[in-house]
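Hi there,

Here is the structure, ready for you to open next to your notes. Have a look around first, and then read on for what turned up.

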Amino acid sequence: MKNRNKILGLIFFAVAFALWGLFFTQFKSNALELFPSRTFEIYTLTDHEAMGFSTSEVTVSDSLVDAVVNIRSGKAFPFAGFGFNLMSQDGRPAGYMDLSRFDSLEVEVSTVRMNSIGLRILTDDPQYSQKGLYMSYRPLETQAPAGRSFGSAKVAIADFKTAEWWLAGMGLEKDDGLTYLYRAMLLEIYNGRGTLRGIPDAIQVKCLRLWGENRDFKKGMFFGLGLLAILFVCFVYRAFRKPEDRAVLKEQIEKTARLLKTTDKSLAEIALEVGEKKVSRLERNFRKVYRLSPLEYRRKND
């Protein structure tokens, strides 16, 4: 192969690998923005259905969700905040959201007194949940740090665990490890640690996103990378073979042609005689030189 073609080939593969890296970096993860895109219905969250007396006053603008909460004692655990109806998108009813395809949740949040916020995903448990009965949905909970200044907190979806109060209410002695994330219905933000009962506090959210690996994209990209690597290896082998390798191959093919014309030996016998272990490779190399298969060449030269 000419030096010019070698250089052009190397440039082509360098550009191809660089583009692969660029596309992989840009698109290996996907994100779903719950706010401020506001494609999901936002609702006020209180503990009234849990027989509590906490209150929440929610104001929503194009860039901020502001909830003034007042946590009061009740017969159950007290909570207040706001939630996102994952089953109502763009003002229209939607089905369950599959949160199992996401790896983490990111929230940009600030508070007044509390030093964390509670995060809750409610899923439709096929065994225990009853349609329209809020307290029967399986609550998966975790905490995220918060403070007076806006900060971005990221929590892993794997950190969400079934709430102990729900397990006790359903008669389960310990966490059964089930989540049903592929049947997610609601995502809620409520008071966390440091909340003072009877004293108003606030939760403000500027942004809420779900992050996950673009798994199908990554599979396709790695498949493409494998093909590109194979092509590169073939190019390097052909472009930078030692001259003596080509000389040996030429001598092997010429000897094969002589034996085909002067003997009745089979191709397998000829392959052994010329030092080629694989008959298929000998046939392939022979066809490249003579544009005929060995048997076609023999018939033509009988």
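Let me start with a single side chain: that of threonine 256 reaches the backbone oxygen of glutamine 252 at 2.8 Å. (A polar contact is a pair of N or O atoms within 3.5 Å; within protein, one must be able to donate a hydrogen and the other to accept it, and residues adjacent in sequence count only if both atoms are side-chain atoms.) Please keep in mind that this is a predicted model, in which local features need pLDDT of at least 70 and side-chain atom pairs count only at pLDDT 80 or more, while totals for chains, interfaces and linings use all residues. Residues are numbered from 1 along each chain as its sequence is written, and side-chain values use heavy atoms, with hydrogens and water left out.

Back to threonine 256, which belongs to helix α4 (residues 243–262). Helices (H or I, at least four residues) and strands (E, at least two) are DSSP runs, numbered from the N terminus. Is threonine 256 buried or exposed? Its relative accessibility is 0%, so it is buried. (Buried is under 20% relative accessible area, exposed is over 50%, and partly exposed is in between, with a 1.4 Å probe and protein chains only.) Leaving aside residues up to four places away in sequence, threonine 256 touches Ile270, Val274, Leu282 and Phe286, where contact means heavy atoms within 4.5 Å.

Next, the strands. β5 (residues 80–89) has eight of its 10 residues buried, so the rest of the structure largely encloses this strand. Which strands pair with β5? One is β2 (residues 40–46), antiparallel over seven bridges; pairing requires at least two bridges found by DSSP. Another is β12 (residues 184–191), which is joined to β5 by five bridges and runs antiparallel to it.

β3 (residues 55–60) and β4 (residues 65–70) are antiparallel over six bridges, and threonine 55 faces asparagine 70 across the pair. β4 is also paired with β13 (residues 201–213), again antiparallel, over five bridges; aspartate 66 has glutamine 204 as its bridge partner in β13.

Now the charges. The whole structure holds eight salt bridges, each being a side-chain nitrogen of Lys or Arg within 4 Å of a carboxyl oxygen of Asp or Glu. One of them joins glutamate 141 to arginine 120, with the closest N and O atoms 2.9 Å apart. Glutamate 141 is in β9 (residues 138–145) and arginine 120 in β8 (residues 116–123), so this pair ties together parts 21 residues apart in sequence. Both partners are buried: glutamate 141 at 19% relative accessibility and arginine 120 at 2%. Arg120 and Glu141 also belong to a salt-bridge network with Glu188.

Arginine 138 is buried at 0% relative accessibility, whereas aspartate 176 is partly exposed at 32%.

Tryptophan 165 is in helix α2 (residues 164–169) and is partly exposed, at 28% relative accessibility. Not counting residues up to four places away in sequence, it touches Phe77, Met135, Pro139 and Glu141. The C-alpha atoms of tryptophan 165 and phenylalanine 77 are 8.4 Å apart, although 88 residues separate the two along the chain.

Finally, leucine 19 lies in helix α1 (residues 3–27) and is partly exposed, at 42% relative accessible area.
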